[in-house]
Amino acid sequence: MIQSIEFRSMNTTIMLAAEGPRAIDGMQATKMFIEECEQRFSRFLPASELSALNRSAGEWVTVSSDLMDMLQLSMNYYFETKGIFDPSILTELKWIGYDRSMDDIRINNGRAPLPRASKRASRPAFHEINLDLTNCRVRLPYSMEIDLGGIAKGWIVDKAAHMLHLYAPACGVSAGGDILFIGHPEDGFDWDVFLEDPRDSMQMLCQLHLSSGAVATSSVMKRTWSQGEKVRHHLIDPRTGESARTDWLSVTVVTPDAITAEVYAKVILIGGEGELSNLLRNRQDITFIAVDPNGNLLGSPNHKDFIYESTDTNLSIGVPH
Amino acid sequence: MKLVKIGLRVWITIASVFSFVGGWIMLVHAPKPYQSFQQDANTALPTLEPLPPLSQFVFGDDNNFQNQPMFNTQPRQRFGSNSFFRTGGS
């Protein structure tokens, strides 16, 4: 029997599910791991390792092997996506009002203050970071700050799921919809995942099934706020420095690991149809499902392999997020 | 007193014998279960079409249900214990 727990961390809902006699022990250990990761990698916590790195731009800083791993992966994805994935957009995020956690913005009725300066400061490019892999040291260029938000979430989901798998033959870890499943439930059914309608998160568009692997979704409808007269969302297009204007409302990606799913859901949504062929040319392992403004589903040629044919559309899930 | 006891024993004996015989007679004249079954069996049974050969199931490829593969590769769908995962961005 699959057991589950749910809790709040990283400004989102975390869900752990596992089966087997040691499932509860595994979920408790995994919960502690995730909460510890939040303390280390959140940009909103001044005592975090990431905040310390952001404060030390221009100097060499010794970092943990985990943070180095994330930075190295970020650099790989930065080059792989030709800069559409860029964790150094924190300057732009703060400029448009995302200088505090989403929970804090929601407390303020979804309103963010106008920027203090009349013009956004320029910043160096992400590839100007110096990574000393041998000594585990990093030097950010002056005036650069980084936000590992999405990639850290994917990284944590991957690590947490593998940790939980040490206790349970079949398990799943979800952080705000970035999910990794390891092992197949012993009752023979696939893992089920509801795909939310981005226009109304209480409605589902379809039901996906995975025997194992990861799924992640990026949406321009979730983390939104107003800044003056403008409506903002958290997906910055590094090419413009503004909230991305996208062809679709959300993109869901199915891949073997959560970190790739998280990164590619974001870059496919930001890049849109124009960048699709470039982004997916060398990634045969990626399946994406996009939702257009009318709620229509489109995606990779094989995207229907992951969707139950009998799914009723617009069926209410009734599970608050 | 002794006469009363003897009378009571005789009365119980006679009542038991008559009750047993009465019950026997009732059961003998009651309708038997197999009799009602035999009456129903006289009604005509529906005739069934012979089943198509197994090969027709395995290699079907259109939307006709009878031509669908017998061992469908579509995973089973459920709304059960692990159906609580959802994705939609955060």
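Start by selecting A:His233 and A:Ala244: a polar atom of the His233 side chain sits 2.8 Å from the backbone oxygen of A:Ala244. You're looking at a predicted model, where local features need pLDDT of at least 70 and side-chain atom pairs count only at pLDDT 80 or more, while totals for chains, interfaces and linings use all residues. Residues are numbered from 1 along each chain as its sequence is written, chains are lettered from A in the order written, and side-chain values use heavy atoms, with hydrogens and water left out.

Stay on A:His233, part of strand β13 (residues 230-233) of chain A; strands here are DSSP E runs of at least two residues, helices H or I runs of at least four, numbered from the N terminus. A:His233 counts as buried because its relative accessibility is 8% (buried is under 20%, exposed over 50%, partly exposed in between, with a 1.4 Å probe and protein chains only). Show its contacts (heavy atoms within 4.5 Å): leaving out residues up to four places away in sequence, A:His233 touches residues including A:Ile96, A:Trp225 and A:Ser243.

Next, pick strands β3, β6 and β5 of chain A. They form an open sheet in the order β3-β6-β5, with antiparallel pairing (two strands pair if DSSP finds at least two bridges between them). β3 (60-62) and β5 (130-132) of chain A are at the edges with a single partner strand each, so one side of each has no neighbour in the sheet. Zoom in on A:Thr62, whose bridge partner in β6(A) is A:Arg137.

Last stop: A:Gln207, in strand β10 (residues 200-210) of chain A. A:Gln207 is buried because its relative accessibility is 0%.

Terms used. A polar contact is a pair of N or O atoms within 3.5 Å; within protein, one must be able to donate a hydrogen and the other to accept it, and residues adjacent in sequence count only if both atoms are side-chain atoms.
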